[in-house]
Number of protein chains: 2
Amino acid sequence: MDNTAPQSPAGLSTTPTWLLNQTAGHAARLLSEGFAAHDLRGYHYRLLATLAEDGPASQADLGRRCGIDRSDVVAAINDLAGRGLVVRAPDPADRRRNVISATDAGADEARRMGATVERVQADLLAPLSATERKQLTRLLTRLLHHHSRH
Amino acid sequence: MDNTAPQSPAGLSTTPTWLLNQTAGHAARLLSEGFAAHDLRGYHYRLLATLAEDGPASQADLGRRCGIDRSDVVAAINDLAGRGLVVRAPDPADRRRNVISATDAGADEARRMGATVERVQADLLAPLSATERKQLTRLLTRLLHHHSRH
DNA sequence: ATGCTACGTTGGTCCAACCAACGTTGGTTC
DNA sequence: GAACCAACGTTGGTTGGACCAACGTAGCAT
């Protein structure tokens with residue numbers, strides 16, 4: 001989208017935070033464009049993928065697993081349910097909870113979106129060799145792991 | 001039931017896009033907290049740092065260099081000018097333009113914020129050796145450079 | 001029975017990013 | 001010089017992701 005390449009100040013363009021931010025922004029944009037083809041957004045994908053992967057769960061649990069706030073889960077599940085990709089049912093074992101399950105259509109969509117994500121991934125990492133991709137993944141995982149337990 | 005699930009689905013937590021997004025989010029959060037101590041935000045820092053580094057520039061030029069939209073530059077410069085960190089003056093050579101310059105106070109603030117950024121940087125990269133930091137920087141730079149021209 | 005916690009939900013806030021449109025000004029081209 | 005088009009600053013939006021406070025209901029422990 002940037003017709004004119006942003007020239008980022010020399011002092012900033014070398015800092016890892018800047019690089020991370022820019023690269024992640026680029027990845028997010030590519031993903032967002034990919035998701036748009038499915039008429040869905042990031043939250044939807046995360047939830048759908050988690051459901052398709054790990055099976056039914058309560059909304060709070062989904063939120064915890066995806067790192068999405070409870071209140072945001074409500075809206076996203078509303079969307080997904082409205083499209084028949086997901087079903088909301090009261091949990092007979094705990095009436096506070098809703099059990100969310102992916103429908104067949106939902107599982108389908110999750111697969112298709114997964115393919116989209118992989119395509120984007122390949123696009124993003126195109127300039128890197130397989131070894132370098134592993135390297136990057138490893139470094140980022142280390143950073144994340146270190147900081148995720150606060 | 002509530003075995004406090006790990007955040008992030010297994011299938012997602014290995015994808016570079018997810019890792020990038022999460023890591024950048026973490027970095028952004030740390031930066032945001034750091035900036036809050038100065039009662040400023042990301043846009044302000046980018047603009048101020050660019051001004052302090054490269055000297056006065058028009059708003060459009062600033063926006064181009066920082067990757068900030070013209071309209072957002074207006075608001076941010078308004079804030080900075082309101083604090084006396086920056087001065088807006090009409091360009092005698094081109095009356096369409098405003099020349100933005102950092103004041104002494106602005107340059108001071110830029111230095112202090114730069115120190116904050118470095119602190120955050122060190123915090124973020126704590127788990128990585130110097131070699132690994134270089135590696136990460138190199139990989140991200142490669143990615144960014146590749147995607148920024150096309 | 002009391003109190004504490006978890007759940008779903010409503011209704012916000014915030015920041016970063018982007019876009020459309022307008023009036024003004026500069027630079028070209030006739 | 002007049003007619004155009006491009007660039008500038010500005011206003012006033014929209015979007016996506018993330019977060020927060022509060023409420024009523026429901027489960028759990030004492």
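Author: A polar contact is a pair of N or O atoms within 3.5 Å; within protein, one must be able to donate a hydrogen and the other to accept it, and residues adjacent in sequence count only if both atoms are side-chain atoms. This is a predicted model, in which local features need pLDDT of at least 70 and side-chain atom pairs count only at pLDDT 80 or more, while totals for chains, interfaces and linings use all residues. Residues are numbered from 1 along each chain as its sequence is written, chains are lettered from A and ligands numbered from 1 in the order in which they are written, and side-chain values use heavy atoms, with hydrogens and water left out.

Between chain B and chain A, 14 residue pairs are in polar contact, both residues at pLDDT 80 or more. On chain B, the side that touches chain A draws at least two residues from each of α1 (16-36), α2 (42-54), α3, α5 (104-124) and α6 (130-148) (helices are DSSP runs of H or I, at least four residues, numbered from the N terminus). The largest share of that side, 14 residues, is supplied by α6(B). By class, that side of chain B holds 27 nonpolar, 19 polar and 10 charged residues (Ala, Val, Leu, Ile, Met, Phe, Trp, Tyr, Cys and Pro count as nonpolar, Asp, Glu, Lys and Arg as charged, the others, Gly among them, as polar).

In total, 56 residues of chain B and 55 residues of chain A take part in the contact, meaning heavy atoms within 4.5 Å. There are 4 salt bridges between the two chains, each a side-chain nitrogen of Lys or Arg within 4 Å of a carboxyl oxygen of Asp or Glu. One salt bridge joins Arg138(B) to Glu132(A), at 3.3 Å from N to O.
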